Amino acid sequence: MKVIAERPKSLTDLQFTYCPGCMHGVAHRLIAEAMDELDMRNNMMGVAPVGCSVFAYKFFDCDMAEAAHGRAPALATGMKRARPDMHVFTYQGDGDLAAIGTAEIIHAANRGEHITVFFVNNAIYGMTGGQMAPTTVPGMKTTTSPYGRDENDIGYPIQACELLATLRAPYFIERVSLLSPQEILKAKKTVYKAMKFNKEERGFTFIEFVSTCPTNWGVTPAEASNWARENMLPYFPIGNFRDKSKEEGEAK
Amino acid sequence: MGEKVLMKGNEAVAEAAIRAGCRLYFAYPITPQSELIEYMAKMMPKVNGTFVQAESEVSAINMVYGASGCGRRVMTSSSSPGISLKQEGISYIAGANLPAVIVNVQRGGPGLGDIQPAQGDYFQATKGGGHGDYRNIVLAPSTVQEFADMAGLAFDLADKYRNPVMILSDGLLGQMMEPVEFKPQKTKEELEELDRQHYEWCMYPNEDEPNHHHHEINSLEIDPLVLEKHVEKLSEKYDEIEAKEKRFEKYNIEADNEVLVVAFGTSARIAKSAIDELKEEGKSVGLIRPITVWPYPYEAISEAMTDKVKKVVVMELNLGQMIEDVKLAVNGKLPVEFLGKVGGILFTPEEAKAKILENL
């Protein structure tokens, strides 16, 4: 019998705790597949955040640490410095990375820590029940922006890739989306690339996933994808913001 | 080895930490502990160690959390306002059963306070500091030599109990120079053994599990019944530490003591000068100096309350914090008097002597 599809070895057999239609499971799978394909699992340490993906430390089948809210890049720094022969990644949401953890992500990126940061942006705080995120788009209603985000009062959404691309040290920065099967397949290639750079100790690598939250947005998964395409992508354009491998003359 | 060198406390504790096998240090500059971070910046590269100046004390303690989760000896240091910022991380480290060493070179507070020696962080250090039920082992040095010796002790206790250990010093001990004799540098073999001792639980594949490794470093237990068990287990560990690790110094404790002084760290140094002068004048005053301020040596105080002791005098560089523990030890049997000084100002031996004489 030929195996056509199976669970990546880098994921445990625990059932995900995510809502129906949530893209965290897809993002997990892309990362796990890259870990399998690059044979990195036995030398991998990951850091889970606070947020919906707080239990990621149970889902990835490698060494895992659970960080305080926003502190994953600091933990990852300590881990990579403690065990330079290991590979390290963090998995963070928008509140975690772009609000409470802004200092940690900016300085880990600025030091050029040899880690990969996976940033899942769905414009809302999911686990605490749908509050405004630093990436909530103008006009978007959440439980703490009940009249819609007013950019004159609370500012515009933070664009993490653009912000980090002002720093010299990062090796690779790219924003991808998880809004359709085609986009997911494209994202898979980007994840593989970043993980390969991680394995090769190239430097700091960063991937932002534009994602959705059907539960807290109060829509179906299909409607969520359409809404994100229309409302999030204008603020979070898909594309590469840094690829030093091209500067090094090894374009793929 | 065996040779005495004149050093500041901040530098001595850093040198002693390196000799004890600390190869990772993360911190943020703050007065009056700057010589410590500067010493580490200079020396860590020479021993193939890691020095990172973090973007904040919050980040520094979380770097410690990450490195400790990998089973390595790691340290951070700061002074009072910075130690407040580290409390989040210390709570996580305690909750995750991780070893770590934190040095607090205390200064005057609250808020920014000043940069002079103080003991105002006693409550924070010994009663928790961060959120949740947990304990730090807290060591209180009173000389530069003891400050240095406590680095090795702190790492040994941290590793033994997988618990954060704080060295609670102050600006005087950090800045003052005294002769110090160091223990020898741990050998390559000893460092390798230190590395292996945590393989059972830490993140890092090893010869026991070469092909698959999934260790979790974590303080989260979402199921209340599981968290209850976890915290009860921590509690059992704290009970064991209380049973085995209380340390104190008896100074001039005699059957004819009329006053019993209790003081820790720098305050105890000053108290000793007063006690020596009074001894020459024929007055018998004893001192209990807690060396571990958690676990607290309550029994040492109650045992020193012999028949002739009329009063207990507590001396601290704060408004009266350790006095609450002394009162628990005294348990209402004797009056407990207090000499305190705030603002980062030391009381003098004369003031200590006068306070004792008031109560003789």
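H6(B) gives the most to the lining of the second largest cavity, with three residues. Lining residues here have an atom within 4 Å of a grid point, on a 1 Å grid over the protein atoms alone, and a cavity is a set of points where a 1.4 Å probe fits but cannot get out. The lining splits into six nonpolar, no polar and three charged residues, with Ala, Val, Leu, Ile, Met, Phe, Trp, Tyr, Cys and Pro taken as nonpolar, Asp, Glu, Lys and Arg as charged, and the others, Gly among them, as polar.

All of this comes from a predicted model, where local features need pLDDT of at least 70, side-chain atom pairs count only at pLDDT 80 or more, and totals for chains, interfaces and linings use all residues. Residues are numbered from 1 along each chain as its sequence is written, chains are lettered from A and ligands numbered from 1 in the order in which they are written, and side-chain values use heavy atoms, leaving out hydrogens and water.

The largest cavity, at about 50 Å³, sits in chain A, with Leu97(A), Ile106(A) and Leu164(A) among its lining residues. Eight nonpolar residues and one polar residue line this cavity, with no charged ones.

Then there is the largest pocket, at about 670 Å³; a pocket is an open set with protein on both sides within 12 Å along at least five of seven lines. Of its 36 lining residues, the closest to the centre are Val50(A), Val54(A), Ser219(B), Leu220(B) and Ile222(B). H9(B) provides the largest share of that lining, four residues.

As for the chains themselves, 33 residues of chain B are in contact (heavy atoms within 4.5 Å) with 33 residues of chain A. Three salt bridges link the two chains, each a side-chain nitrogen of Lys or Arg within 4 Å of a carboxyl oxygen of Asp or Glu. Arg111(A) and Glu55(B) form a salt bridge at 2.9 Å, N to O.

Conventions. Grid points are joined across faces, edges and corners, and a volume is the space filled by probe spheres set on the points. Helices (H or I, at least four residues) and strands (E, at least two) are DSSP runs, numbered from the N terminus.
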